[in-house]
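Welcome to a short tour of a two-chain model. Have a look at the picture first, then follow the points below.

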Amino acid sequence: MSDKFFNSLIIKIKVIIFLLSLIPLCRLIYLGFNDALGANPIEFIERSTGTWALVFLMLTLSMTPFRQWSGIKSFIQYRRMLGLYMFFYASLHIISYVWLDHWFDLSEITKDIIKHPYVLVGFTAFLLSIPLAITSTKAMMKRLGRRWKLLHKLIYLIGVLAVLHFLWLVKKDHTEPLVYASIFFSLIALRFVYKHRTHFKLSVIRR
Amino acid sequence: MLIHKQSDIIPSEIASKETFENRRTLIKAAGASLLTASGICTGFINGSANAATGRQKINAYAKSKYSTDEKLTPYEDVTSYNNYYEFGTSKTDPSIESRLFKPTPWTVSIEGAVKKNKQIGIEDIFKLAPLEERIYRMRCVEGWSMVIPWVGFSLAKLIQWVEPTANAKYVEFTSLSDDLMMPGQRMRVLDWPYVEGLRMDEAMNPLTLLAVGLYGEMLPNQNGAPMRLVVPWKYGFKGAKAIVRIRFTETMPKTAWMKAGPNEYGFYANVNPTVDHPRWTQSSERRIGGGLFTPRIKTQMFNGYAEQVGQLYSGMDLIKNF
């Protein structure tokens, strides 16, 4: 089949991913207008946007293993959009925290960030994701060259911080954050195994 | 080769989920009305029951001088946003998972440093003292608050009836342990059963309420039916729900949350805007029911009850005794 066919297929898939990724936001808007965000709507919005930022982080990190293990190269084409959606939902998360929850009370916010470890790691994760969003364009990729790859390794640190943020926020039942933690570490492990797969294969043959 | 055996039940005979739920409601309603008719269930309440919703009015109660005149948190929010881990760790779990919970019959056992160990049925607790409506602020340790019209009477009334001995320095409250009716207990998020405690003078303070209702109705299951503690100047978790045992002790009880996180939850747990929790800011709170664009409000010392309870802690280091 021709490259042309593949390119148009990839564009179609991108459009579908783009629209699907807006569903969580549309849901929040719909629930908001129907007074259906529950007893604590601000907490609901904070939780929802935070969770979706984490989901998109996991989706972003799963593109490389998908490509590696399936051999379908085009997976990597969706990675940037998913990463930007992570940044989008993380931004909504921060905006709801700064605006709805704390009404721009900067001294309260500063105290909250410094005093509470879970807020500190979450906020750090967000700050670290800003340069990644800024340098996500093709032009930036070209300009930064090899340094781009190095810079974007930050996503692993962001992943660790985001998972910790969720884990430390929870009072007692750690099931949900641990699910995300295990997905995150599986995605890292898959990369490691792939990288050393020849070594693993060889050791099997030798035996 | 796989051979498909014809199912004995034809699909048209299987009730849809909706039909099934409807039938269950009908059966329950029928059961409830039978009980009402025979006077078993509602005889002592002296009120009317709504079979469809299970909500039961409490007829006679007086207004209390201890009530605040702040705007009430809507009934819907008070009964759908609950921390009650016996029914699950999500705030919306208790209202759903407590539907099959049976608050009657119910017996509370009184033990420890008392003249005589006693057992008392919930219907007799209703007769122990005249019921009052008390509108209290409730501040959760997580940084949100509500204004709730409780129905009940001062715990002091029960304690007077119990006649504790001179050895009674503390009161320990134990909640029901029953993982059939309380599915959340199948997960060991806390060391079940739930245990809470008060110092004797705190327990005797007139503000300390034994609540049996809210919004003029019998306590809903998700709010601690049939009987719970309400200590308005302390964080919400001090209010033990579904109490089955009250024990008077000489030593400080080890509460469920102290066991779960000794550096996060103290025995006293007084609302204090100057002592922060490792996770949550305590200087301000979100009043539930305010909607999206209402700012937080400042948290008051002892949740605004300093005048009535401040003297209980004079000379105490409240940072150490958090």
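Let's begin with one pair of residues: in chain B, B:Val108 stands opposite B:Ile120 of strand β3(B). This is a predicted model, in which local features need pLDDT of at least 70 and side-chain atom pairs count only at pLDDT 80 or more, while totals for chains, interfaces and linings use all residues. Residues are numbered from 1 along each chain as its sequence is written, and chains are lettered from A and ligands numbered from 1 in the order in which they are written. Helices (H or I, at least four residues) and strands (E, at least two residues) are DSSP runs, numbered from the N terminus. Two strands pair if DSSP finds at least two bridges between them.

- Strands β2(B) and β3(B) run antiparallel and are joined by four bridges.
- A hairpin of five residues links β2(B) to β3(B).
- These two strands belong to an open sheet of five strands, ordered β3-β2-β11-β6-β7 in chain B, with mixed pairing.
- At the edges stand β3 (118-121) and β7 (195-199) of chain B, each with a single partner strand, so one side of each has no neighbour in the sheet.
- On average, neighbouring strands of this sheet are turned by 20° against each other, direction ignored; such angles are taken between axes, which are lines fitted to C-alpha atoms (for helices over the stretch in contact), and run from 0 to 180 degrees between N-to-C directions.
- Six bridges hold β6 (residues 170-175) and β11 (residues 243-249) of chain B in an antiparallel pair, and here B:Glu172 faces B:Arg247 of β11(B).
- As background, strands of a sheet pair through backbone hydrogen bonds, either parallel or antiparallel.

**Other strand pairs in chain B**

- Strand β5 (residues 144-154) and strand β12 (residues 284-287) of chain B pair in the parallel sense over two bridges, with B:Ser145 partnered by B:Arg287 of β12(B).
- Strand β12(B) also runs antiparallel to β13 (residues 297-298) of chain B, again through two bridges.

**Helices of chain A**

- Chain A has eleven helices and zero strands.
- Its C-alpha atoms fill a box of roughly 60 × 45 × 35 Å along the principal axes.
- Does the length of helix α3 (residues 41-70) of chain A agree or disagree with what its 30 residues should span? It agrees: at 1.5 Å a residue the helix should span 44 Å, and its end C-alpha atoms are 42 Å apart. The expected span is 1.5 Å times one less than the number of residues.
- Helix α3(A) bends by about 30° at A:Ser62, and A:Pro65 follows within four residues; the bend is the angle between axes fitted to the seven residues ending at a residue and the seven starting there.
- After α3(A) comes A:Gly71, which has a positive phi near 80°.
- The axes of α5 (residues 106-115) and α6 (residues 117-134) of chain A come within 5 Å and cross at roughly 100°.
- Helices α5(A) and α6(A) are therefore roughly perpendicular; angles under 35 degrees count as roughly parallel, over 145 as roughly antiparallel, 65 to 115 as roughly perpendicular and the rest as oblique.
- A:Asp112, A:Ile113 and A:Ile114 of α5(A) meet A:Val119, A:Leu120 and A:Phe123 of α6(A); a contact requires C-beta atoms, placed from the backbone, within 7 Å.
- By class, this contact has five nonpolar, no polar and one charged residues; Ala, Val, Leu, Ile, Met, Phe, Trp, Tyr, Cys and Pro count as nonpolar, Asp, Glu, Lys and Arg as charged, and the others, Gly among them, as polar.

**Where the chains meet**

- The contact takes 19 residues from chain B and 15 residues from chain A.
- On the chain B side there are nine nonpolar, six polar and four charged residues.

**Backbone details to look for**

- Most residues other than glycine have a negative phi, and most peptide bonds are trans.
- A:Phe104, however, has a positive phi near 55°, and its place is in the loop between α4 (79-101) and α5 of chain A.
- B:Thr104 and B:Pro105 are joined by a cis peptide bond, with omega about -5°.
- Another cis peptide bond joins B:Ala225 and B:Pro226, with omega about 0°; B:Pro226 is in the loop between β9 (217-218) and β10 (228-230) of chain B.

How values were computed
Contact = placed C-beta atoms within 7 Å.
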